[in-house]
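This report covers pockets, cavities, salt bridges and a surface patch. Please look at the model below before reading on.

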Amino acid sequence: MSETAVGGAGASAEEAPTVSVTIDGVAVSARPGELVIEAAERAGVFVPRFCYHPRMDPVGVCRMCLVEISGPRGFSLQPSCYVRVADGQEVRTSSEKARKAQEGVLEFLLVNHPLDCPVCDKGGECPLQDQALTHGPGDTRFVEEKRHWAKPIEISPLVYLDRERCIQCSRCTRFADEVAGEALIDFAFRGDAIEVATFPSRPFSSYFSGNTVQICPVGALTAAPYRFASRPWDLEQVETTCTSCAVGCRIVAQSSAGKLVRYLGVDADPVNQSWLCDRGRYGFEANGEGRVSSPSRRKGEGHEAIRWPEALRQVAGALQAAAAAGEGRVGVLGGARLTNEDAYAWAKLARTVLRTDHVDAQLDDGLPAATVLGLPRATIDEAVHARLVVTLAGDLREELPVLYLRLRRALAHDGLAVLECSSVPQALSAEGATRVGYLPGEVARLVGALTGDAEPGEVPGADRSGVVTARRMLAAAAAGGATRGEGVVVVLGRPNLAEPAVGYAEAAALLHAALPGARFLPALRRGNVHGALEMGLAPGVLPGRVGLEEGRAWYESAWGNLPGATGRGARELLEAAAAGELDVLVLLGADPLADLPDPDLARRALEGVGSVVAVASHWDASSSAAQLVLPAAAADERSGSTTNLEGRVTRVAQKVVPPGTAWPAWTIAVALAAEMGDDLGFDNLETLSAEIERVAPSQRGIDLDVLGRPAHRDGLVAPIAAVGVRVGRRGPRLIDPIATPGIASVEEQGAPLVVGDAVALGGQPAGIAGAGPTGSRPPLLGPPASSVPATAPRLDAYSLRLVVGRTLYDRGTLVAASPSLAPLRPEATVRVHPSVLERLGVRDGEPVRVTGPGGAVELAASADEAVARDLAVATARLGTGERPGIESLVAGEGPIDVRLETI
Amino acid sequence: MAHLDDETRRKALATVALYPERRSALIPLCHLAQAQDGWLTPEAMEDIAELVGVTPAEVRGTATFYDMLHTEPVGRYVVAVCTNIACMLSGAYETLEHAEERLGVHVGQTTEDGMFTLEDAECLAGCDKAPCIQVNHRFFGPVDPPALDRLVDDLASGALDEVVPPHGVLCRVERTVGLEAAGAAGVPAAEEAP
């Protein structure tokens, strides 16, 4: 699909301005339909404002932006955030009348606003403070008592409300309603009694509540983790990318006295458009808790700290012995928390020094790497402007919240057509997406029925009319483009851990075969899992989306000898480890004991392997069980780049120093190679990044230097050649201190802008010497071929098919280590249709025993009308971890059927 | 604390069906719920939210905006004294002060026996009877302090039961034309609102 063919805001942004207006005596060309305040801002005229936010619909309630606008009856005062430009319009923003109006509004806003700026978190970065100075009368005539209210009110565990400071701009209530789609807060009462309020029994427990704090133009909403943590003038900040999930939201990380205190969302047009989820926003707290701060060796039940040279000697000794014993005696698991540079260094170390292809960044909970890397990739902008978005993934609200936010906005606001294929109804269908169901294990059959030429057969778990509707939607959307399927974007993930990934790979292959023009957004959720796959941390895959065999000649000339055979994926690797076929298992930030869908296998593997080496930032279950632990720097403690689910590469920056003697993971790889008498060929980040650009085919033209240029702050989508024109750009990115208070000056990253900002493709990147690979670049991985879908076994009448999904706040390291997020973890339950509980004679909330082939667990039962009668729905990684959770039932291949029993 | 009972729920569904947008039925449903309990209980607001497809916070936001909708329990009789200009000039404040003394409560409060809630009100559109009073939305006037005493006595003794229905009842005879028609056409049609 050519990028310019994408419709919507993207295309209109390219149109030439056609409306001429006069603003303060200067002729300005404005875009048709643009708001006066936007046109003025582009022309360099700032109009004061509070309620206006560039990412929400205008309401014109605060009246601060009153300006004189000419009309049929001469000039009149009108809110410039609400009036759209018209040809020949004349606007006066600083006339006597406009100034008087603005001063009057400001005086009124301050009537009841407490003058507690010295103790207010917003003081120093407050739009009200700033605009009172620039556009206020400078004095007040109000001598009466201001209103007083109890404060602060905890409207959720994360958000506190100070009603006295509220100026009723309605940014927070509009965000909750318009953007997040959950109006859990609204104005109550009227006149001088008006207040933002929740419903008494319903706290503001939204995954997106932190955004209301970010956009509040006064100190009325404050976030529990940042209350009184710092003053704005003590903050240092750097622009970076959030790596708590694979969306890759652009943020600024702010620190005070060497400690991270706050994340704010940056208005990156193609990605997060200034929004963040609360897990991303407050997950930084995990940086300070439970860290591995020095190399450690197991001693008895605990670990003793050792020095780096000793640790490197011991690890290298174990690895050298394993490598000498033959190929494939070492396994490397994890890497989704690393930077791209870390991942590349470890991929190279594993292949060339450790002589193994047993590397996997996923823990048997994602999709095959060849599927993820081989399918034509879509961007988020393409998805929100698509003819049809098909989701075949876990609940995006739980797994990739900001992607959900963008799709929801497009669905609810811009009429995007969304087809949700899901076993259990998800958040998008609750917002109006068309849904078609299927029984776990039958996903390929469903896709076959949706795309096949023949009249669709019966699909288990799907009702016939739903299949027909979905088929019609897909056919209509697919026929719209030049290539069949053009304009269709498929969000492909792994919704159910108790269902084999191969079904989704087959479904994707079928979709691609039927709709060659369709593009895919792989919905894997771990932070930099896409970067890790892109950098070759997957069996049979080399850096830059190249297969082991296709890339052998190229990489042997660049790297030296490669392993002969394709390695094992996480599950087979751990099975081999359990069988004693592995000498060393290296965990790159992976915690298989907690994260593998089959924890029993992880336990057996860690016991069966010769030695376990953990390169870890946190003490988690697996690093605590390792013989040797090497401390690694975590997010915001090292520089580099990261790759999101679009394949977009952005820079991550260092803001604080790692604890103790922790190193970035790539330096650990370099040091281990050196200890083993080898040389990885780079010893600083620049040469490492340049080598990736030179060697990895999908990364041509992308290195840290290029990413550091201001024009590429929102990153570059790899491979560059496949993406012609950027979509949806609204012009140069503005850091708007009124839209996002506290973000006024983001430190520049990397080199300053050079003349001629285009990225040069081909040719040798300047300034970096070194032997390059010889021969022609290997081709990128292509889409997998489709096969005949396997059929799942039939479900017997007494069993329920298991769905194991995920939730945003689970027992993962990031959430568990964050003091603000850990208490938000929900109770572990098993959701079933009420009739199932009736049949058992169990009431809602009572415990039941869930028995499957892999064992039995006890969970509280929860009746849910939305769950089909033949399903049992549970969420992985909940509970305390002391008793086995639902994930202990996940074992082997194929869908899992369970029975419910009373206790 | 009461959810909507079956009868109210039936009327509510029929009301929702009258509007092209479910949300438009929000205020009529608040009146139905208030007719049931005399005030809007939190449970009723949650029910209404579900019926019209908004959040409970939005129902509360709307309900608290209007003085005629009560989100706190009220007495059996809600006595609203008009204090706008016509009534004020005719002695509304004397009546109001006297009412405070007589009932032993301030404006906005309910007597301990749960009989009376006293309110001051903006113009009730009863200027011909100034100073004018509404009791459970029924007009009385002109009401000077002695008339107020008589009114309170009559209400307390039940002599006005025929005239003044329980609080929240807007019309004793419901205009059921639209409701019945919508009910006959199949109430759940409202679920399909676009």
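## Pocket, cavity and charge pairs

In the lining of the second largest pocket, 14 residues are nonpolar, 6 polar and 15 charged. Here Ala, Val, Leu, Ile, Met, Phe, Trp, Tyr, Cys and Pro count as nonpolar, Asp, Glu, Lys and Arg as charged, and the others, Gly among them, as polar. The model is predicted: local features need pLDDT of at least 70 and side-chain atom pairs pLDDT 80 or more, while totals for chains, interfaces and linings use all residues. Residues are numbered from 1 along each chain as its sequence is written, chains are lettered from A and ligands numbered from 1 in the order in which they are written, and side-chain values use heavy atoms, with hydrogens and water left out.

The second largest pocket holds about 1300 Å³ of space. Its lining has 35 residues, and those nearest the centre are Gly181(A), Ala430(A), Glu431(A), Gly53(B) and Val54(B). At least two lining residues come from each of α5 (171–179), α13 (401–413) and α14 (427–430) of chain A and α3 (42–52) and α4 (56–65) of chain B. The largest share, 5 residues, is supplied by α13(A). Helices (H or I, at least four residues) and strands (E, at least two) are DSSP runs, numbered from the N terminus.

Pockets and cavities are found on a 1 Å grid over the protein atoms alone: a cavity is a set of points where a 1.4 Å probe fits but cannot get out, a pocket is an open set with protein on both sides within 12 Å along at least five of seven lines, and lining residues have an atom within 4 Å of a point. Grid points are joined across faces, edges and corners, and a volume is the space filled by probe spheres set on the points.

There are 12 cavities of 30 Å³ or more in the structure. The largest cavity has a volume of about 680 Å³. Of its 42 lining residues, Thr243(A), Ser244(A), Arg337(A), Gly527(A) and Leu814(A) lie nearest the centre. Helix α27(A) gives the largest share of this lining, 3 residues. By class, the lining of the largest cavity has 18 nonpolar, 14 polar and 10 charged residues.

Over all chains the count is 66 salt bridges, each a side-chain nitrogen of Lys or Arg within 4 Å of a carboxyl oxygen of Asp or Glu.

| Salt bridge | N to O distance |
|---|---|
| Glu310(A) and Arg313(A) | 2.5 Å |
| Glu399(A) and Arg806(A) | 3.1 Å |
| Arg552(A) and Glu556(A) | 3.3 Å |

Glu399(A) lies in helix α12 (residues 396–399) and Arg806(A) in the loop between β31 (800–805) and α27 (813–816) of chain A, so this pair ties together parts 407 residues apart in sequence. Glu399(A) is buried at 3% relative accessibility, and Arg806(A) is buried at 13%. Buried means under 20% relative accessible area, exposed over 50%, and partly exposed in between (1.4 Å probe, protein chains only).

Glu310(A) and Arg313(A) both lie in helix α8 (residues 308–324) of chain A, 3 residues apart. Glu310(A) is partly exposed at 24%, as is Arg313(A) at 48%.

A nonpolar surface patch of about 450 Å² is made by Ile85(B), Met88(B), Leu89(B) and Tyr93(B). Patch residues have over 30% relative accessible area and no salt bridge; like charges are joined within 9 Å and nonpolar side chains (Val, Leu, Ile, Met, Phe, Trp, Tyr) within 5 Å. Accessible areas come from the Shrake-Rupley method with a 1.4 Å probe, and for residues only the protein chains shown count as cover. Helix α5 (residues 85–89) of chain B gives the most to the patch, 3 residues.
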